[in-house]
Amino acid sequence: MATTATILHADLDAFYASVEQLLDPSLRGKPIAVGGGVVLAASYEARAFGVRGGMPGWQARELCPHLRFVSGHFKEYQRLGDAAIRVIGDFTPLVERISIDEAFADVAGCTHLFGPPAEIARAIRQRVRTELGLPISVGVARTKHLAKIASQVAKPDGLVMVDPGSELQFLHHLPVELMWGVGPATKARLAGIGVLTIGQLATTPGWSLERLLGRAAGEKLASLAWNRDPREIKVHRRARSAGAQSAIGRKPAEELFIRPTLFHLADRIGTRLRAKSRPGRTVTVRVRFANLNSATRSVTLDAPISATVILAELAGELVRAVLADHPDEKTISLLAISVSHLEERWDLELELPLGLQDEGRRPGSKMGMARFAADRAVDKIRGRFGWDAIGYGSVVLGISRSVPDEFRELAEKDL
């Protein structure tokens, strides 16, 4: 690992809400939320009332009666997010974008041109504010993990630099949920054994973390708690998987709700895979129940797939297997599909009809090719007339989209 603090993590503050306030000055300083049925993003003024992304709209209105909802300008999000990343790229070529509104950068080789890392961070913040009109927080540290935590501490609209000599002093008093990989479920489990800060996590015996979180997750978090993070900036990083999920509220674990949701998710994923010619061999589903417990199932195929119907059928079988293993769970709150082991380069290979049981799902079979051709036709129509111009009947008729697909696409990694 580096011995000096040259890693920057830059994160645009309350990005979607900040863009809306930029576009409409009358919204500045007021509590606003992007979305409607579900809060997609909230301004800091709304967060002060407890409003958070992913919250049902009715709950957000109860917490903040004066909350204003806006529908969202997705093209502007993309434009301004790209512009902010380009500002960072003007200082160093070593930029790793991890979402539409945040990126890592290594400025070790650029200090002779632009000054110390802290000065570079200040220059980036000033340019983003002056040229784009948006607030951005930056963390500077020796490792990626610590730089990301520093940028969170810096919010809103601030800069925090962690000196290599005081890393653990800075890190160990912070709440454990600031760590990369600690979500609500992991936070609750750690709290159950009295671990509330990163310092407490660092001193927790490894066997205890392994029993609580599993070996891999326990070892990873223990290392990060001591700021052991050897990861380097990856400029050209292709996604190793493609996934999509849908929070569906509290629905009965019945085919009526499961099938259209899975088709919608498979449609989104399959479209991305086909666009980049990167089918995958492993299909994984995740089912979250009403009690927030989750279960996953996966299958690895002999041939890579990207056809929507095949993906939806496989996902359906996996979800039914999950429900069969959990007969007491009658209500589900989320469904997710991911496809991994993606092909780097792929050409469709024809297969002879051998009467195999899974022949209809093999991309080179007669049925597989017919399904692929139908998908490509759908892709072309959508490319010309828009996503909603055509779709699968079970998707169009059976699912309510509380979260716009344009919003989901902003968070999808490039394949």
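In this predicted model, strands β7 and β8 run side by side in the parallel sense, joined over 3 bridges. Within this pairing, Val138 sits opposite Leu159 of β8. Strands of a sheet pair through backbone hydrogen bonds, and that pairing can be either parallel or antiparallel.

Zooming out, β7 and β8 belong to an open sheet of 5 strands, and reading across it gives the order β5-β6-β1-β7-β8. The pairing in this sheet is mixed. On average, neighbouring strands here are turned by 15° against each other, if direction is ignored.

Helices come into the picture too. Helix α4 lies across β1, β5 and β6, and it runs at about 155° to β5. Helix α6 also packs on the sheet, this time touching β1, β7 and β8. The direction of α6 makes about 170° with that of β7.

The largest nonpolar core has 37 residues. Those with the most contacts inside this core are Leu8, Phe15, Tyr77, Ile88, Ile124, Val128 and Leu134.

Apart from neighbours within four places in sequence, Val128 is in contact with Leu12, Val87, Gly133, Leu134 and Ile136. One of these partners, Leu134, is itself listed with Val128 among the residues that have the most contacts inside the core. There is also a second, separate core of 33 residues, with Phe263, Ile310, Val322 and Ile337 among its members.

Elsewhere in the chain, a pair of helices packs together. Two packed helices are described by the angle between their axes and the distance between the axes. For α11 (residues 206-213) and α12 (residues 215-225), the angle is about 130° and the axes are 7 Å apart. That angle is why α11 counts as oblique to α12. The crossing of α11 past α12 is right-handed. As for who meets whom, Leu209, Glu210 and Leu213 are the α11 residues involved, and on the α12 side they meet Arg215, Ala217, Gly218, Leu221 and Ala222.

Notes:
Residues numbered from 1 in each chain as written. Predicted model: local features only at pLDDT ≥ 70, side-chain atom pairs only at ≥ 80, totals over all residues. Heavy atoms only, no water. Core = buried A, V, L, I, M, F, W, Y, C linked by side-chain atoms within 4.5 Å. Buried < 20%, exposed > 50% of the residue type's maximum accessible area, 1.4 Å probe, protein only. Contact = heavy atoms within 4.5 Å. Pairing = 2+ DSSP bridges. Helix = DSSP H or I, 4+ residues; strand = E, 2+ residues; numbered from the N terminus. Axes fitted to C-alpha atoms, helices over the stretch in contact; angles between N-to-C directions. Parallel < 35°, antiparallel > 145°, perpendicular 65-115°, else oblique. Left-handed = near helix turned anticlockwise from the far one by under 90°.
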